[in-house]
Amino acid sequence: MNKTMASTTLIFIALLGLCLASSSAKLQRFEHAVKADGSLSFLVVGDWGRRGGYNQTEVAHQMGKVGEKLEIDLIISTGDNFYDDGLTSVCDEAFYESFVNIYTAPSLQKQWYNVLGNHDYRGDVEAQLSPVLNAIDSRWICLRSFIVNTEIAEFFFVDTTPFVDKYFTDPEDHVYDWSGVEPRKDYLSGLLKDLDLALRESRAKWKIVVGHHTIKSAGHHGNTHELELQLLPILQINDVDFYINGHDHCLEHISSNDSKLQFLTSGGGSKAWRGDINWWNPKEMKFYYDGQGFMSVQMTSTEVDIVFYDVFGNIRYKWSTSKQLYSSV
């Protein structure tokens, strides 16, 4: 285990108890080092945990190859880490069968920062948040909501599942673990307040918000209206650069006509090929791929390069952006 990972792990274990003790606690913060040249490289994958099935193993193999080529610094998971119903406990073999024994490439032995998806909430949520999993595999960091700070970017991980009304009013015979969330109104109010404050105080060159659910998507699930109403205005007013999500099992890039915010979906970690896509304004829809794969991001203080790969490692889409740095004299 490298020095950065060891340091992050110790911070994680020390702070996790505080996070679990109070759902209204301020967002926990982690520090992650960039490369010596000041750049940062990472992969994003979502909706993956199927014990290697539905081409999860094949996607993981290609992630390992790309991760080695790009010398990645970390991996982001956009949720639905364990299908179909999360983990049953910290002893659940699914943690090994869907994570430890799948992402075995040397390049993937970096810190994994994970958010919870709706399928994760159907199991024992506290199990995924437990430091026991981190002790089993030191790559694993999962909190409800938290911040990862690097020299050039800040990542704001947001627990989106409790926002969605239907999981409470029409759960379709599924049982959700709302321990630590109820009373829901207070939980969401505190989360939005803490996120808004953290974003306003951020001096990061790039602001990136990560959640499981879509805000804007042409995929099977489409837009998440609760996030459009409650989360999106906070992202826009605080000049967030990217919202990264899973939930729809596809790869997707949607731009925004009314802000600089870019919507990036990486939910192709295993089961995909839904076969449906909703119409979207072609001026905003930059890319849509109804299949399995993942995303890479390479960034400096002034430039970001994004690439989507399919299950065979083929590049499906590239996109770059830049911003000028201003300094006071």
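Predicted model: local features only at pLDDT ≥ 70, side-chain atom pairs only at ≥ 80, totals over all residues.

Biologist: In what order do the strands of the open sheet lie, and is the pairing parallel, antiparallel or mixed?

Modeller: Strands of a sheet pair through backbone hydrogen bonds, either parallel or antiparallel. Here 8 strands form an open sheet in the order S1-S6-S7-S8-S9-S11-S10-S12, with mixed pairing. From one strand to the next, the twist averages 15°.

Biologist: Which strands stand at the edges?

Modeller: Strand S1 (28-31) and strand S12 (285-289) do; each has a single partner strand, so one side of each lacks a neighbour in the sheet.

Biologist: How many bridges join S7 to S8, and which residue of S8 is the partner of Phe 156?

Modeller: Strand S7 (residues 153-157) runs parallel to S8 and is joined to S8 by 5 bridges. Within S8, Val 209 is the bridge partner of Phe 156. Continuing along the sheet, strand S8 (residues 206-210) pairs with S9 in the parallel sense over 3 bridges, and Val 210 stands opposite Ile 244 in S9. S9 in turn pairs with strand S11 (residues 262-266), again in the parallel sense, over 4 bridges; there Phe 242 stands opposite Gln 262 of S11.

Biologist: Which residues of strand S9 point one way, and which the other?

Modeller: In a regular strand the side chains alternate between the two faces of the sheet. In S9 (residues 242-245), Phe 242 and Ile 244 point one way, while Tyr 243 and Asn 245 point the other way; all are buried.

Biologist: Across which strands does helix H7 lie?

Modeller: H7 lies across strand S6 (146-149), S7 and S8, and runs at about 175° to S7. Ser 189 counts as partly exposed because its relative accessibility is 48%.

Biologist: Which residues of the largest nonpolar core touch the most other members?

Modeller: In soluble globular proteins, nonpolar side chains tend to be buried together. The largest nonpolar core has 67 residues, of which Met 63, Phe 99, Tyr 103, Leu 235 and Tyr 243 touch the most other members. Helix H7 gives the most to this core, with 7 residues. A second, separate core has 34 residues, among them Val 44, Phe 157, Phe 242 and Phe 287.

Biologist: What is Phe 99 in contact with, leaving aside its neighbours within four places in sequence?

Modeller: Phe 99 is in contact with Trp 48, Phe 82, Ala 94, Trp 112, Asp 137, Arg 139 and Trp 140.

Biologist: Is Asn 118 buried or exposed?

Modeller: Asn 118 is buried, because its relative accessible area is 4%, under the 20% cut-off. Its place is in the loop between strand S4 (111-114) and helix H4 (125-129). Not counting residues up to four places away in sequence, Asn 118 touches Asp 80, Thr 161, Tyr 167, Tyr 176, His 212, His 213 and His 247.

Biologist: How many disulfides are there?

Modeller: A disulfide is a covalent bond between the sulfur atoms of two cysteines. With a cut-off of 2.5 Å between cysteine sulfur atoms, the count comes to 0 disulfides. Cys 91 is in no disulfide, and the nearest cysteine sulfur, that of Cys 142, is 17 Å away.

Biologist: Are Cys 91 and Cys 250 buried or exposed?

Modeller: Cys 91 is exposed, with a relative accessible area of 61%, whereas Cys 250 counts as buried at 1% relative accessibility.

Technical notes: Residues numbered from 1 in each chain as written. Heavy atoms only, no water. Buried < 20%, exposed > 50% of the residue type's maximum accessible area, 1.4 Å probe, protein only. Helix = DSSP H or I, 4+ residues; strand = E, 2+ residues; numbered from the N terminus. Pairing = 2+ DSSP bridges. Core = buried A, V, L, I, M, F, W, Y, C linked by side-chain atoms within 4.5 Å. Contact = heavy atoms within 4.5 Å. Axes fitted to C-alpha atoms, helices over the stretch in contact; angles between N-to-C directions.
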